[in-house]
Amino acid sequence: MKRILLFALVCVLLAAPLAEASWSWWAPTAPNIQNPSWGQPSWPAPNPSPNPRPNPSPNPSPNPTPGAPILPSQPSNPGAKVPVPSASLTSDEHSLINQVNQERAKSGLQALKIDYELVALAKQKSHDMAVNNYFSHVSPTLGTVYTMLDRAGVSYSRAGENIARTGSVSRAHPLFMNSAGHRANIMHSGYTHIGVGIVKQGTSYHITQIFIRK
């Protein structure tokens with residue numbers, strides 16, 4: 001009987017480590033990297049423990065010393081530097097129209113009639129370019145020539161615009177005629193009316209020609 005009990009005790013002692021090894025395979029613990037031969041599963045590493053600073057020590061300046069108040073500055077008025085052009089047709093403007101019609105006559109084209117609505121719009125465009133310091137067919141305030149004509153209620157079936165900025169009015173017509181696009185407007189057989197506006201700013205002249213067909 002004692003031998004049987006002794007034999008059973010030995011069996012229990014031998015089976016204990018085998019049971020422990022089998023259980024550790026499923027244990028939710030990190031693998032023992034010192035003994036990889038155990039064949040334990042790899043578990044994802046836990047989220048790192050954040051290390052916030054619950055008591056930051058900011059160093060603001062809650063009581064800044066105010067300086068002298070900034071006084072509002074008076075905005076500049078560039079329009080005051082460029083006088084509004086007169087409503088009447090000036091001699092320079094009339095001369096440009098005559099030069100256009102002289103060129104058209106050489107090619108047997110009909111002379112363009114002066115349209116004072118177009119003269120007013122051309123003066124407005126030239127003044128706008130001078131005041132707002134730009135040179136473009138698209139005005140930041142007036143839009144295109146078509147926008148201007150439509151806003152003014154001018155009836156037309158075709159329209160065009162020439163613009164120039166030069167130091168001498170006498171140079172404007174040769175400059176237009178030496179440019180294919182500008183020359184095409186001057187010599188276009190479809191136009192019937194013209195308006196010209198010239199505005200001087202400093203030593204520069206802003207020149208606008210507007211052509212339409214009524």
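Tutor: Glu161 is buried, its relative accessible area being 8% (buried means under 20%, exposed over 50% and partly exposed in between, with a 1.4 Å probe and protein chains only). The model is predicted, so local features need pLDDT of at least 70 and side-chain atom pairs count only at pLDDT 80 or more, while totals for chains, interfaces and linings use all residues. Residues are numbered from 1 along each chain as its sequence is written, and side-chain values use heavy atoms, with hydrogens and water left out.

Glu161 lies in strand E2 (residues 158-166); strands (E, at least two residues) and helices (H or I, at least four) are DSSP runs numbered from the N terminus. Apart from neighbours within four places in sequence, the contacts of Glu161 include Lys125, His137, Val145 and Asn185, where contact means heavy atoms within 4.5 Å. The side chains of Glu161 and Lys125 are also joined by a polar contact of 3.3 Å (a pair of N or O atoms within 3.5 Å; within protein, one must be able to donate a hydrogen and the other to accept it, and residues adjacent in sequence count only if both atoms are side-chain atoms).

Lys125 belongs to H3, where Glu117, Leu118, Leu121, Gln124 and Lys125 meet Met148, Leu149 and Ala152 of H4.

Strand E2 also holds Gly160, which is buried at a relative accessible area of 6%. Among the residues that Gly160 touches, beyond those up to four places away in sequence, are Asn185, Tyr191 and Ile210. The C-alpha atoms of Gly160 and Ile210 are separated by 5.9 Å, although these residues are 50 residues apart along the chain.
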